Amino acid sequence: MNVVLAHAYPSRIAAIELLRAHPTYAGGTELRARAEEVASASELFGKAAIAKEWRSFASALEILSLLADWGEAVHTAAIDADRFLRAARLRYRKFAGDAAHTDYGLALAAALAPLDGDLDVDAMPSLRDAIAALAMPVGIFSIEDRGYYGSPVGEDTTVKPDDIAVAFLEFAIDGKAAETFHSLRAGEVHDLDLTIRVSRWPNDADRLVIAPVSIEPPSTWDFPTFEFLRPGGQPPFVFQRQGRMALHASQGFNARPLEFRYAAEFQPRPNREESIVVAGQRTLRLDGTNTSRHPLTGYGDVDAKIIKLRERLRLEPLISEMDIRDLLALLTPVGNLMGQAVQDKRYPEPIDEAAFQADFQQFLRSNAAIGSELEVQGHVAGGRVDLTFRGIRIELKSERARRLLPDDCQKFAAQAASYAVGSGRRIALLCVLDSSPKSQPPFPVADGLTIIPVDTGTSPVYVVSCLLQGGLAKPSDLSR
């Protein structure tokens, strides 16, 4: 029972936290991911009645994910935004028409009932709060004999713990624990280490097979299948095995990570109605972007930092993929400019903000991916933003008196965040030039790229900060 609860309830908690983190719109991708986790957790309860309630919660999350897509499409003026609302209504009607709902399922259907009326986008926060506030009954795996406390539970609502085997997976890639997002160079062979713990082994099963499953084109990857023969001794059983893995093709810079899932199966299939549920790290998200073959900025450490920032922003459900792509289109030339500032001493003397903006504007305008789409001096939120690219606001600052470090840019972030909110965006770009005379060596260029979350009181706005270093001393002067 503890094994089941330890895996099931974290998925529900994560889903509830995500529901409460969406005060406006967006987040459809993250909600779908949480729905998948909850649906997977429902399998841990087997045929117990609580499994139905977990599946109902997963269905509600999927409906809310479509509504999140609808809200994002409306706010970004996407074509035929109402297609998401129509899909959500169809899913809701099917869900509400299920005659086998438990009390919790009926409460979910009632909370989603506004979907059948004249729903407004502004009602999304209250709808999500209503779902998050519903209490789910505590799951009971099985009660076969209550003795003098009551009658036995019927077979249709119970499941024996012996009918379910739970397999916990842990992966390591090239000796390092696999992360939520793992960069992997394509065209090379890598080690994939698997540690698995199995709670029980069916009597009529000879071996356990752990095999990869993916929708990625089969020609682009090669992952190992792990096979374990029946062990001796008493459960739980722990196995370790190493295999080889390879990605055969690199990804485009704007492509989503490759996803692979490992599934488990006893062979031959047990005669009894038994199942194995895979928990733990069963999904690998891999990025095969090859910046050595296709550089972004011309500076390897800056390229690596931009990729990390990209994945960090992709984890934020309130930021649309389109906004991330537009921001990345800016970060590529700006990262190159940061490298030039140090390598070629592009800004040897202190300059004011107007001079920095003129140089920065000319530099971006000369980039073919930006060109005429760069707008100058737009009015936003009662102020004038320096530059704008496809709705992404760019705030410029110049410091001529004292040396700045990356953390010092936080004092400028609130202004950039205000421009973002005034434009209906969750991200903005802040570029700060420190051209003050230096008596210290420069810090690594990539360290000047940071993400600054700005607390607005309801939900954060993310300002990507780029600190350019000017006024650099000659290396020989530093040894005098």
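Trainee: How many bridges join strand β5 to β7, and do the two run parallel or antiparallel?

Mentor: Four bridges join them, and the strands run antiparallel. Strand β5 covers residues 207–213. Keep in mind that this is a predicted model.

Trainee: Which residue of β7 stands opposite Arg207?

Mentor: Find Arg207 and look across to β7. Leu229 is the residue opposite.

Trainee: What is the order of the strands in the open sheet?

Mentor: Read it from one side to the other: β3, β11, β9, β5, β7. That makes five strands, and the pairing is mixed.

Trainee: Which strands are the edge strands?

Mentor: An edge strand pairs on one side only. Here these are β3, residues 182–183, and β7, residues 226–229.

Trainee: Let us turn to helices. At what angle do the axes of α8 and α9 cross?

Mentor: First locate the two helices. Helix α8 spans residues 321–343, and helix α9 spans residues 353–365. Their axes come within 10 Å and cross at roughly 125°.

Trainee: Why is α8 called oblique to α9?

Mentor: Check the angle against the cut-offs. Roughly perpendicular ends at 115 degrees, and roughly antiparallel means over 145. The crossing of α8 and α9 is roughly 125°, so α8 is oblique to α9.

Trainee: Is the crossing left-handed or right-handed?

Mentor: α8 passes α9 in a right-handed crossing.

Trainee: Which residues make the contact?

Mentor: From α8 come Leu330, Pro333, Val334, Asn336, Leu337 and Gln340. From α9 come Phe360, Phe363 and Leu364. Seven are nonpolar, two are polar and none is charged.

Trainee: Now a single residue. Where is Ala413 placed?

Mentor: Ala413 sits in helix α10, residues 410–422.

Trainee: Why does Ala413 count as buried?

Mentor: Buried means under 20% relative accessible area. Ala413 has 1% relative accessibility, so it counts as buried.

Trainee: What does Ala413 touch, not counting residues up to four places away in sequence?

Mentor: Ala413 touches Leu430, Ile452, Val454 and Val463. Take Ile452 as an example. Ala413 and Ile452 are 39 residues apart in sequence, with their C-alpha atoms 7.0 Å apart in space.

Trainee: Last, the whole chain. How many helices and strands does the protein chain have?

Mentor: The protein chain has ten helices and 17 strands. Of its 480 residues, 49% count as buried.

Trainee: What share of the contacts with a separation of 6 or more comes from residues 24 or more positions apart?

Mentor: In the protein chain, that share is 72%.

Definitions and conventions:
Residues numbered from 1 in each chain as written. Predicted model: local features only at pLDDT ≥ 70, side-chain atom pairs only at ≥ 80, totals over all residues. Heavy atoms only, no water. Pairing = 2+ DSSP bridges. Axes fitted to C-alpha atoms, helices over the stretch in contact; angles between N-to-C directions. Parallel < 35°, antiparallel > 145°, perpendicular 65-115°, else oblique. Left-handed = near helix turned anticlockwise from the far one by under 90°. Contact = heavy atoms within 4.5 Å. Nonpolar A, V, L, I, M, F, W, Y, C, P; charged D, E, K, R; others polar. Buried < 20%, exposed > 50% of the residue type's maximum accessible area, 1.4 Å probe, protein only.
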